[in-house]
Amino acid sequence: MSDLQRLMLAAAVLLVAVLVYLLHPILTPFLVGALLAYMGDPIADKLETWKLNRTVAVCVVFLVFSIVVSVILLITVPMIGRQLDILITRIPEWLHGLQELLMPFLQRNFNVSADSLGFDQLRENIGSNLKGAGNVVAILWQRLAGSSMVIIAVVANLLLIPVVTFYLLRDWDLLIAKIRASLPRRWEHKVVAVSSECHEILGAFMRGQLLVMLALGIIYSVGLSIVGVDLALLLGLLAGLASIVPYLGFIVGIVAASVAAYFQFYEWLPLLWVALVFGVGQVLESVLLTPMLVGDRIGLHPVAVIFAVMAGGQLAGFVGVLLALPVAAVIMVWLRHLHAHYKSSELYDVAKS
């Protein structure tokens with residue numbers, strides 16, 4: 001590759017990055033649609049092997065996905081709303097219970113009084129703020145209703161997602177073929193090889209890790225419901241979402257569920273049942289879910305996952321969060337190839353000697 005070609009490639013990458021940054025306020029429906037199309041393409045390809053037309057296969061995938069999402073939302077949204085109401089009313093009680101639990105120990109060992117820590121004032125402030133939290137939805141709706149342009153933008157974005165998903169999913173294989181045909185012939189083999197690695201990692205994460213998170217959320221929610229924890233669904237979903245980082249879901253979930261269980265029952269035995277629920281979930285994740293759904297193909301270090309999500313959110317908001325892990329996976333593949341190239345170069349031999 002000549003210096004001019006390298007310069008043109010760097011300029012093209014920089015141009016794409018600048019365009020993404022400038023256009024990120026309108027990119028959300030297109031990125032969501034692209035991610036959904038990427039996840040649905042293998043299913044549509046499988047249906048095509050059953051002698052279905054591509055458009056018909058896409059319609060089947062679209063219909064099944066829409067039904068599943070609608071059923072999940074209709075079931076979970078009201079339940080989450082009720083549990084949020086419970087959470088809002090319970091937080092002041094938990095603070096009072098925490099005060100009753102800790103203050104005797106602090107007074108006995110450190111001669112610290114409740115007034116010096118300001119527990120009462122803290123509880124009053126949190127309680128007064130939480131009273132208004134129940135009206136957040138109403139306040140947001142009033143503000144949205146007062147701006148017709150905001151409502152139009154929100155509705156347009158929501159309607160764009162299924163439209164973009166449908167057309168991208170229908171033409172996915174055609175788009176990939178055109179991109180491959182447009183590559184310089186000298187680079188095609190290398191670019192296809194790197195792209196295949198990126199696809200393997202992204203596929204493992206997008207389809208595998210998300211299924212693991214969903215499965216863990218269900219396991220934790222059902223288990224905590226059996227134990228009798230009132231906030232079972234909320235805590236289970238929280239632990240499932242946090243499972244995007246290995247072991248983080250287990251740690252966050254067991255701590256939050258233990259606090260909720262103790263201040264609900266004021267007994268130690270439910271804490272053992274909570275620990276059993278998360279222990280079973282962790283064993284199932286390690287022995288069954290991750291090997292079966294993900295395998296060892298992702299290769300993203302947990303710290304890299306955390307940094308990528310936070311960096312994406314900082315740079316481009318929600319669009320950055322959506323792009324963070326795919327971009328991180330692609331960068332990781334390129335870094336792996338650059339490292340292999342460096343190890344076989346004269347520079348490495350000089351440094352080694």
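Predicted model: local features only at pLDDT ≥ 70, side-chain atom pairs only at ≥ 80, totals over all residues.
Trainee: What about contacts, what share joins residues at least 24 apart?

Mentor: That comes to 70%, counting contacts between residues at least 6 apart in sequence.

Trainee: OK, zooming in on H8 and H9. How do their axes cross?

Mentor: Helix H8 covers residues 185-227 and helix H9 covers residues 232-242. Their axes come within 7 Å and cross at roughly 150°. Angles over 145 degrees count as roughly antiparallel, so H8 and H9 are roughly antiparallel to each other.

Trainee: Is that crossing left-handed or right-handed?

Mentor: The crossing of H8 and H9 is right-handed.

Trainee: Which residues make the contact?

Mentor: From H8 you have Met-213, Gly-217, Tyr-220, Ser-221, Leu-224 and Ser-225. H9 brings in Ala-232, Leu-233, Leu-235, Gly-236, Leu-237, Ala-239, Gly-240 and Leu-241.

Trainee: How do those divide into nonpolar, polar and charged?

Mentor: The contact of H8 with H9 has 9 nonpolar residues, 5 polar and no charged.

Trainee: How many residues of H9 are buried?

Mentor: H9 is mostly covered, with 8 of its 11 residues buried. Those are Ala-232, Leu-233, Leu-234, Leu-235, Gly-236, Ala-239, Gly-240 and Ala-242.

Trainee: Buried or exposed?

Mentor: Ser-243 has a relative accessible area of 4%, so Ser-243 is buried.

Trainee: What does its side chain sit by, and what is Ser-243 in contact with?

Mentor: A polar atom of the Ser-243 side chain lies 2.8 Å from the backbone oxygen of Ala-239. Leaving aside neighbours within four places in sequence, Ser-243 is in contact with Gln-209, Met-213, Leu-216 and Gly-249.

Trainee: Switching to H2, what's up with Gln-83?

Mentor: Gln-83 is in helix H2, residues 54-110. Its relative accessibility is 10%, so Gln-83 counts as buried. The Gln-83 side chain reaches the backbone oxygen of Asp-230 at 3.0 Å.

Trainee: Which residues does Gln-83 touch?

Mentor: Not counting residues up to four places away in sequence, Gln-83 touches Asp-230, Leu-231, Ala-232, Leu-233 and Leu-234. Ala-232, Leu-233 and Leu-234 are also among the buried residues of H9.

Trainee: Last one. Where is Val-333 found?

Mentor: Val-333 is in helix H12, which runs over residues 302-343. The relative accessible area of Val-333 is 0%, so Val-333 is buried.

Trainee: And which residues does Val-333 touch?

Mentor: Val-194, Glu-197, Cys-198 and Ile-201, not counting residues up to four places away in sequence. As for Ser-196, Val-333 is 137 residues from Ser-196 in sequence and 10.0 Å away in space, C-alpha to C-alpha.

Conventions:
Residues numbered from 1 in each chain as written. Heavy atoms only, no water. Axes fitted to C-alpha atoms, helices over the stretch in contact; angles between N-to-C directions. Helix = DSSP H or I, 4+ residues; strand = E, 2+ residues; numbered from the N terminus. Parallel < 35°, antiparallel > 145°, perpendicular 65-115°, else oblique. Left-handed = near helix turned anticlockwise from the far one by under 90°. Contact = heavy atoms within 4.5 Å. Nonpolar A, V, L, I, M, F, W, Y, C, P; charged D, E, K, R; others polar. Buried < 20%, exposed > 50% of the residue type's maximum accessible area, 1.4 Å probe, protein only. Polar contact = N/O pair within 3.5 Å; in protein donor to acceptor, adjacent residues only side chain to side chain.
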